[in-house]
Structure formats: structure tokens, C-alpha cells
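Hi everyone, thanks for coming. Please have a look at the model on the screen, and then I'll walk you through it.

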Amino acid sequence: MRKLTYYVAASIDGFIGDPSGEAEFFTRYVDEEYSAMLDEEYYETLPTPARAILGLPDRENRRFDTVIQGRGSYEVGLKIGFTSPYAHLKQYVVSRTLTSPDPDVEIVSGDVVGLVRELKRQEGLGIYLCGGAGVAGLLRDEVDELVIKSYPVVLGSGMPMFDSAFALEEFALESVRSFNNGVVVREYRRA
């Protein structure tokens with residue numbers, strides 16, 4: 001069965017963006033050592049236009065073949081003209097207000113939990129949950145794995161990882177890696 005992996009950047013205090021959702025400040029920590037790990041292990045999570053800008057060669061997907069993201073995450077690329085930010089993946093955007101400007105992007109305005117359950121039953125690679133907090137909150141019970149890239153900053157307030165009601169859910173720590181730039185990458189699986 002396919003797994004849903006929430007792969008997310010966060011501050012030390014667990015926020016994925018400032019109160020408006022802006023998270024560009026995390027990119028200043030992307031150095032050569034950290035980039036090499038991202039390129040090697042999470043290649044599919046790099047947007048297609050970024051891969052082209054960075055001069056990265058096209059490679060076969062190994063970890064993910066599908067991405068689910070919220071309207072806010074999708075609009076980051078849309079604002080700069082990228083209508084299909086993950087052209088190398090099957091793309092779903094959760095929104096009640098958008099219409100798709102690209103035939104390769106499917107807008108999900110209804111039962112996203114049902115969609116994820118159906119995707120999990122299909123053959124294929126993993127499903128990358130790109131964000132944001134609202135979609136992650138809706139899919140919290142469906143998340144099988146968490147990959148949290150913790151950046152060495154404290155925000156104090158902002159957008160949480162999950163915008164959902166309180167519920168205690170346990171995950172088991174699989175690995176922890178630290179980098180010279182202060183970033184710590186933790187991988188968890190649902191306990």
C-alpha cells in the first residue's frame with residue numbers, strides 16, 4: 001500500500017511559515033551539503049522549474065509519483081507563472097475556489113480524505129503531501145510518515161504544521177540527521 005508522507009520545512013518551534021504563510025526565509029539555509037542530501041534523497045520534492053534553474057538532470061522518480069498541496073502552496077508558483085509546479089508528478093491541489101489553469105493539475109474541491117485513501121490503494125510510489133497547514137490538518141489521520149526539516153530559527157507564532165483540532169497521535173522516530181548549517185532532518189513513521 002502506498003504511503004502519504006508529509007515532507008515539510010519548519011522552525012524549531014514548529015511553524016511552517018509566518019502568520020501569513022510566507023516561508024521564503026528557510027531557503028537561506030540551503031547550502032551545498034544540505035542540497036546534496038535533498039537532491040539525492042528527496043529529488044521529487046523539488047519543483048520542476050527549480051530543477052531546471054539548478055541545472056539538475058531529469059531522473060526517474062524513486063520515492064514519490066504524486067503530490068497533494070493546498071491552494072496557498074500552489075499559488076506560490078502560480079504567482080510567478082508556474083501552472084504545473086510538479087510536472088514530474090501527478091498533481092492534486094485542494095481548493096474550493098480555484099479552477100485549474102493547467103491540464104496536468106487536478107483541483108480537488110470535495111473529499112480529499114477519500115481521494116487519498118483511493119490513491120493509497122493504487123499501485124505506485126509514495127504520495128508527497130506538500131502542504132499547507134489546512135490540507136495537512138484535513139489529512140492528519142492519513143499521514144503515514146513525517147519528514148520534518150527543522151531550521152535553526154524560532155518564529156514565536158505563525159502557520160502550524162497541522163491546522164486541526166487537538167488529538168494525540170504517536171509517531172516513531174526513524175532517523176535524525178544534522179547538517180553544518182544547523183538544519184536537522186527527522187523522519188518519523190506512524191506508531
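Let me start with a question: which residues are buried in helix H1 (residues 32–41)? They are Tyr 34, Met 37, Leu 38 and Asp 39. Buried here means under 20% relative accessible area, exposed means over 50%, and partly exposed is in between, with a 1.4 Å probe and protein chains only. Helices (H or I, at least four residues) and strands (E, at least two) are DSSP runs, numbered from the N terminus.

Before going on, a word on where this comes from. This is a predicted model, where local features need pLDDT of at least 70 and side-chain atom pairs count only at pLDDT 80 or more, while totals for chains, interfaces and linings use all residues. Residues are numbered from 1 along each chain as its sequence is written, and side-chain values use heavy atoms, with hydrogens and water left out.

Back to H1. The cover over its buried residues includes E1, E7, E9 and E10.

As a reminder, strands of a sheet pair through backbone hydrogen bonds, either parallel or antiparallel. Two strands count as paired if DSSP finds at least two bridges between them.

Let's follow a few of those pairs. E3 and E4 run parallel, joined by 5 bridges, and Val 67 sits opposite Gln 91 in E4. E3 also pairs with E6 in the parallel sense, again over 5 bridges, and there Val 67 stands opposite Tyr 128. On to E1 and E6: 3 bridges join them, and they run parallel, with Leu 4 opposite Ile 127 in E6. How much of E6 is covered? Mostly, since 6 of its 6 residues are buried.

Staying with E3 (residues 64–70), please find Thr 66 in that strand. Is Thr 66 buried or exposed? Thr 66 is buried, because its relative accessible area is 3%. Its side chain makes a polar contact of 2.9 Å with the side chain of Asp 65. By polar contact I mean a pair of N or O atoms within 3.5 Å; within protein, one must be able to donate a hydrogen and the other to accept it, and residues adjacent in sequence count only if both atoms are side-chain atoms. Setting aside neighbours within four places in sequence, the contacts of Thr 66 (heavy atoms within 4.5 Å) include Arg 2, Tyr 92, Leu 119 and Tyr 128.

That takes us to helix H4, where Val 112, Leu 115, Val 116, Leu 119 and Lys 120 are buried. Viewed down the H4 axis, the buried residues fall within an arc of 135 degrees, so they line one face of the helix; the arc is that of the directions from the helix axis to the C-beta atoms. Those residues pack against E1, E3, E4, strand E5 (105–108), E6 and H5.

What about the largest nonpolar core? A nonpolar core is a set of buried Ala, Val, Leu, Ile, Met, Phe, Trp, Tyr and Cys residues joined through side-chain atoms within 4.5 Å. The largest has 24 residues, and Tyr 6, Ile 68, Leu 129 and Leu 139 touch the most other members. Among the elements that each supply at least two residues are strand E1 (4–11), helix H4 (112–121) and strand E6 (126–131). A second, separate core of 20 residues includes Tyr 29, Met 37, Tyr 42 and Val 185.

Last stop: E9 and E10. They run antiparallel, joined by 7 bridges, and Ser 178 stands opposite Val 184 in E10. Their hairpin has 5 residues between the strands, and there Gly 182 takes a positive phi near 95 degrees. Val 184 counts as partly exposed, because its relative accessibility is 25%.
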